[in-house]
Amino acid sequence: VPIWPALVLLLFPSAVAAEEPSLLDGWHDVWLFRFLVNMLGYSTIIIPGYLLISYFKRTNYAETGSGFCFPLIKTCVFGNEAKTSLFDDASAASRNEADSGSTLKQALKLIFCAAGLQVSYLTWGVLQERVMTRSYGAATTDQEGEKFKDSQFLVFMNRILALTVSGLWCVMFKQPRHGAPMYKYSFASLSNILSSWCQYEALKFISFPTQVLAKASKVIPVMLMGKIVSHKSYEYWEYFTAVLISVGVSMFLLSSTTDKHPSTVTTFSGVIILIGYIAFDSFTSNWQDNLFKYKMSSVQMMFGVNLFSCLFTVGSLLEQGAFFESLGFMTRHSEFAFHAVLLSVCSACGQLFIFYTINQFGAAVFTIIMTLRQAFAILLSCFLYGHTVTLVGGFGVAVVFLALFLRVYARSRMKSGRRGAQPLAQKV
């Protein structure tokens, strides 16, 4: 039974008295209320965890502690604070080995990586839109069916499978000795959960092509967050391409009309949720960038972030009573169960393809593949779900992808110029 509506009833009895049935029955239909309830659920885990970590640090437990739980607490709270170089240039070495292989072998490997990324994320995008915008259980076109509404459950499904895959990978293949305190993953995990929730939730209010373009333009807030979180500086061409991207996105959004197809409507709530997605995602990437200063592999990062993501989401879902409601929806609609599992498989496989592609060919090649994937995703969504794009909007899309390719070209030229002077460690 959900506990949060009951909590609202206890805290605000006079406000609820007049409209008690509508509030308690429809509370989950308001996205802002669901967001705040999710945050309350996460806080029931974060606050006790913060108090425990503060206590262990204040008492200098790393030096004075002992007992059966000491290794676990030391790993979670203290870790190995010595920071080392990223991957010890392992990714650069693997790419050098790859360069020495035959041209045919490298071409086949590149085709394999590109195909894996395209299939994983194009399928993921199509399923994401299907799950969040279409009904299940309608036997005929006259019936409305039942829509799945809990975005947090989909986040949990994605994270539990990614945790399993990354955990098996860490067991099967040798990984660097871990140095980061485990609790530091929770920051990236929380922002990653919230960005994923916003990504799913936004599709209730905006079209999928709009979301894809917004994701392509997140380089702008990533740069802003980089200056705030990591105090980074950027080249002139990075600012120029960021402006080009913002112009292209503005052209696409302003040219969208509401009379072509109802699914192309962009509402105010959709814009707010999309801004939240971009802000949370920008923080995630910059925080993970700082975490890579510890000696760890990308799969270890994947495992650590997904571990806390599963903890946060399953705790919040159980507190709201939404976990078993979502499982009930899965049992009522086998098609949804198949889509949710396949969505999670595509997400987990896509992450592994990301790591492998960057490790073998570097970030520039990976960025080109994923930029093409975003363009294909827009075309596929328009074809399958009937979205319309005006001429001005299409020109705006072209401007965005032109700017993205300019960024890739400029970055690759800059790195090739530096390579003669010093080797660069590859970040993921």
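Visitor: How many disulfides does the count come to in this chain?
Guide: This is a predicted model, and a disulfide is counted here when a pair of cysteine sulfur atoms lies within 2.5 Å. For C349, the closest cysteine sulfur belongs to C346 and is 7.0 Å away, which is too far for a bond. By this rule, the number of disulfides is zero.

Visitor: Is C113 buried or exposed, and what is its relative accessible area?
Guide: A residue is called buried when its relative accessible area is under 20%. C113 falls under that cut-off and is therefore buried, its relative accessible area being 0%.
For C113, the value asked for is 0%.

Visitor: Which residues is K109 in contact with, leaving aside its neighbours within four places in sequence?
Guide: K109 is found in helix α8, which covers residues 103-133. With a relative accessible area of 18%, K109 is buried, because the cut-off for that class is under 20%. Once its neighbours within four places in sequence are left aside, the contacts of K109 are Y356, Q360 and F361.

Visitor: What share of the contacts between residues at least 6 apart in sequence joins residues at least 24 apart?
Guide: The chain holds 19 helices and zero strands, and buried residues make up 47% of its 428 residues. Among the contacts in the chain between residues at least 6 apart in sequence, the share that joins residues at least 24 apart is 85%.

Visitor: What distance separates the C-alpha atoms of G145 and S135?
Guide: G145 lies in the loop between α8 and α9, and at 40% relative accessibility this glycine counts as partly exposed. Not counting residues up to four places away in sequence, G145 touches S135, Y136, G137 and A138. Although G145 and S135 are 10 residues apart along the chain, their C-alpha atoms are separated by 5.2 Å.

Visitor: Which residues form a nonpolar patch on the surface with about 550 Å² of accessible area together?
Guide: The chain exposes about 21,400 Å², of which carbon and sulfur atoms supply 69%. V171, in helix α9, belongs to the patch in question, and at 70% relative accessibility V171 counts as exposed, because that class begins over 50%. Together, the residues with about 550 Å² of accessible area are L168, W169, V171, M172 and F173.

Technical notes: Residues are numbered from 1 along each chain as its sequence is written. This is a predicted model: local features need pLDDT of at least 70, side-chain atom pairs count only at pLDDT 80 or more; totals for chains, interfaces and linings use all residues. Side-chain values use heavy atoms; hydrogens and water are left out. Helices (H or I, at least four residues) and strands (E, at least two) are DSSP runs, numbered from the N terminus. Buried means under 20% relative accessible area, exposed over 50%, partly exposed in between (1.4 Å probe, protein chains only). Contact means heavy atoms within 4.5 Å. Accessible areas come from the Shrake-Rupley method with a 1.4 Å probe; for residues, only the protein chains shown count as cover. Patches are made of residues with over 30% relative accessible area and no salt bridge: like charges are joined within 9 Å, nonpolar side chains (Val, Leu, Ile, Met, Phe, Trp, Tyr) within 5 Å. A salt bridge is a side-chain nitrogen of Lys or Arg within 4 Å of a carboxyl oxygen of Asp or Glu.
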